[in-house]
Amino acid sequence: MSIQPTALRSVLNPRYLETALRNHYDIGTWEECLFWLRGLNDTYRVRTSSGMYILRIYRTEITEADVQYELSLLSQLKNVLGSAEHTDIGEYIEKKDHTGYTVLEAAEGKRVAVMFRYIEGTEDNLEDEESCYAFGQSAAELHEAMDQVNMELPRYELDLKLLIDEPLERIIHYIGENNEAAAFLHTFATTLKERIVATSRQDLDFGLCHGDMHGNNNVFQQEHQFIHYDFEWAAKGWRAYDLAQVKVRKRQSDERKAALWDALMAGYRSVRSFSAEDEQAVDLFIIARRFWVMGLDVAFIESDTGALDYGSDWLDSFVEEFRDTGIIS
């Protein structure tokens, strides 16, 4: 019988990280390493004699191949976006040996560490037409740049398998096939897939996506530019899915959402095309995104969040939300 790791998810000691990493980077003398944020991955703020940096410690499920893909994409995008008017990206810091990451041993297994340049700027809540128009321009420039990179490393796609099939499997495994919601969720997932397949026959825009472009905690504004970061979910997918995450963001008032979305679309179309069919598909992908989020909730119960807040109220809320979509009559 194999011995399981002593932890499912640990928090690495900042002093250990400084000892393990400081000699790998030419960024001056380390003065502070502060545990900054616990998200899907762990973020530390590093201050050295040369400035501020962000250190990301990926969760153990993120492999070296995943990080290699992300860093390769960032390197290429940085070159393509060199003269872009509305868009830039957060860049990683190369180590002295010109590699981009370090593999650390944690109680739960191997975790990959990457140092990023600290991004100065403000988080724009996209609450007025002007900022939405500018964000639309930036999103379009990012997609345009992604069409110009050449990614040869293997990667999953943001397809129906990842957005619906795999989340459904996790959700049903968690609630049990005998749960009264299971039959509904099976039918809902099947019908949603059929709708998306029918819509995607209209030759929707498909290409490299940011994968998590909700415009909340993964973009900062610097004057007239938006600086995008957190490309962990970047992969090929429907551009309507990428923009769906912006349309459904929660920080806008309901009565302004339509006008703000129209402004964002106008900004996007001032840079690159986005067909009427693509825009019509956005609402379907909003629903697919919510289903994926439900599956993501389940994925982190055991190792991070615990089951307390993911009982019948959580399940009933999602079932009610999915019933309200009208996908199943």
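Let us start with an open sheet of five strands, ordered β1-β2-β3-β6-β5 with antiparallel pairing; strands pair if DSSP finds at least two bridges between them. Its edge strands, β1 (30-38) and β5 (102-106), each pair on one side only. This is a predicted model, where local features need pLDDT of at least 70 and side-chain atom pairs count only at pLDDT 80 or more, while totals for chains, interfaces and linings use all residues. Residues are numbered from 1 along each chain as its sequence is written, and side-chain values use heavy atoms, leaving out hydrogens and water.

Within the sheet, five bridges join β3 (residues 51-57) to the antiparallel β6 (residues 109-117). Leu-55, for instance, has Met-115 in β6 as its bridge partner.

Now to the aromatic rings. The structure holds 16 aromatic pairs, counting rings of Phe, Tyr and Trp (its six-membered ring) with centres within 6.5 Å; planes under 30 degrees apart count as stacked, over 60 as edge-to-face and the rest as tilted. The Trp-314 and Phe-318 rings have centres 5.8 Å apart and planes at 75°, so this pair is edge-to-face. Both residues lie in helix α10 (residues 312-324), four residues apart, about one turn of the helix; helices are DSSP runs (H or I) of at least four residues and strands (E) of at least two, numbered from the N terminus.

Is Trp-314 buried or exposed? Trp-314 is buried, with a relative accessible area of 9%, where buried means under 20%, exposed over 50% and partly exposed in between (1.4 Å probe, protein chains only). Phe-318 also counts as buried, at 6%.
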